[in-house]
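Student: Can we go through this model and check the labels against their cut-offs?

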Amino acid sequence: MRALTWQAPGRVTVETVPDPVIEQDADAIVRITSTAICGSDLHLYDVLGPYMSRGDVIGHEPMGVVVETGKDVTHVGVGDRVVVPFNIACGRCSMCLRGLQSQCETTQVREYGSGAALLGYSKLYGQVPGGQAELLRVPHADSGLMRVGSELPDERYLFLSDILPTAWQGVRYADVPDGGSVAVLGLGPVGQFAARIARREGARVFGVDPVPERREMAARHGIEVLDQGADAIAAIREATSGEGPDAVIDAVGMEAHGNPVAGIAQNLVGRLPGALGRPVMEHAGVDRTAALDAAIDLVRRGGTLSLSGVYGGTATPMPLLTMFDKQLTVRMGQCNVRSWTQDLLPLVEDPDDPLGTADLVTHRLPLEEAPAGYELFRRKHDGCIKVVLEPSVGG
């Protein structure tokens with residue numbers, strides 16, 4: 001089959017690799033019809049090189065059709081159209097039963113002290129081949145795969161694999177009071193959906209991003225948009241009676257702009273060989289924390305920070321004195337996808353498309369053009385906000 005493979009920091013290529021096979025009785029093989037590039041894929045591309053091996057198949061936002069199942073799979077069958085959540089979770093352990101699939105005890109990557117294994121996401125999360133490919137092996141298929149209808153286009157369902165439940169969880173964790181206010185920092189795909197969800201639930205929503213096309217998209221959905229910087233902080237504070245919003249959702253994470261020193265450190269660490277780079281990632285603060293710092297500054301006293309953006313350095317400094325003094329609540333973590341998908345399914349199938357799933361994708365490319373898609377997304381060229389790859393096109 002053809003698949004997108006990691007070759008080196010800043011370099012991915014489409015290669016012919018062996019077709020996946022059933023390895024465990026709970027596995028399924030899915031023929032991928034659509035697969036998206038996620039902002040966290042860029043961390044593999046630029047930052048997490050020490051945890052990658054040449055030839056790793058990446059990608060964790062796929063959907064498609066089941067073509068083969070192991071003998072223990074009963075929830076889905078050959079021919080079913082399915083969304084593939086990025087968490088690999090057994091569905092039976094104490095963590096899964098608590099709705100914390102991202103902490104699944106069966107698939108935890110204990111070698112690195114990480115939570116549940118993820119599709120296509122480095123040694124840190126199990127080094128399981130990912131979904132930017134023609135075919136994908138899905139472990140624990142019964143608990144993971146989500147059957148969907150056959151009538152609507154892929155893009156109505158595809159984002160249930162990651163970014164839509166991630167945004168939903170971010171809003172749930174923000175715990176915005178009825179009629180309250182929330183600022184969303186970062187209007188990439190997760191930020192777009194988080195802002196739309198919060199507004200649909202009655203909050204006043206401010207969206208902050210330095211990219212004009214992202215602000216324009218959010219504004220189409222009733223979000224009050226502002227450019228990044230001190231003026232935005234001041235404007236939001238003024239609009240909230242000088243207090244700041246009730247909650248701030250950080251949908252940016254370690255790719256935040258505003259700290260060139262950390263940016264250089266990320267680049268250097270990402271290019272170190274694994275044996276040298278991994279200790280630096282594990283013991284040095286290499287995150288760019290501009291968005292987190294802005295969120296802490298902006299949120300009102302007694303408010304809530306919800307962190308959906310991914311941070312990678314274990315020694316990242318946080319202003320604990322300020323956080324303590326402001327009596328903040330902080331919630332964060334990998335999304336527990338299957339805890340939220342049943343809430344979201346009626347919304348993505350609603351004929352009115354209330355979350356605007358049809359207004360997110362800016363670029364559709366065949367799988368063979370995936371390397372160009374990564375560069376478009378990374379550099380935000382050509383108004384790029386979300387790239388969807390189609391393995392069946394252009395092969």
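Predicted model: local features only at pLDDT ≥ 70, side-chain atom pairs only at ≥ 80, totals over all residues.

Student: What makes Gln-192 count as buried?

Tutor: Buried means under 20% relative accessible area. Gln-192 has 1% relative accessibility, so Gln-192 counts as buried. Gln-192 lies in helix 6.

Student: Why is helix 6 called largely enclosed?

Tutor: Of its 12 residues, 10 are buried, so the rest of the structure largely encloses helix 6. Among the buried residues are Pro-189, Phe-193 and Ile-197. The buried residues pack against helix 5 (163-174), helix 7 (212-219) and strands including strand 8 (181-185) and strand 9 (204-208).

Student: How do you know what span to expect for helix 6?

Tutor: At 1.5 Å a residue, 16 Å is expected. Helix 6 (residues 189-200) reaches 17 Å from its first C-alpha to its last, close to that value. Just after helix 6, Gly-202 takes a positive phi of about 100°.

Student: What lies 3.0 Å from a polar atom of the Gln-192 side chain?

Tutor: The backbone oxygen of Arg-214 lies there. The cut-off for a polar contact is 3.5 Å, and 3.0 Å falls within 3.5 Å. Beyond four places in sequence, Gln-192 is also in contact with residues including Leu-187, Met-217 and Leu-360.

Student: How many of the residues lining the second largest pocket are nonpolar?

Tutor: The lining has 10 nonpolar, 2 polar and 3 charged residues. Among those nearest the centre of this pocket are Met-1, Pro-18 and Asp-19. The space in the second largest pocket is about 210 Å³.

Methods: Residues numbered from 1 in each chain as written. Heavy atoms only, no water. Helix = DSSP H or I, 4+ residues; strand = E, 2+ residues; numbered from the N terminus. Expected span 1.5 Å × (residues − 1). Buried < 20%, exposed > 50% of the residue type's maximum accessible area, 1.4 Å probe, protein only. Contact = heavy atoms within 4.5 Å. Polar contact = N/O pair within 3.5 Å; in protein donor to acceptor, adjacent residues only side chain to side chain. 1 Å grid on protein atoms, 1.4 Å probe; cavity = no way out; pocket = protein on both sides within 12 Å on 5 of 7 lines; lining within 4 Å. Points joined across faces, edges and corners; volume = space filled by probe spheres on them. Nonpolar A, V, L, I, M, F, W, Y, C, P; charged D, E, K, R; others polar.
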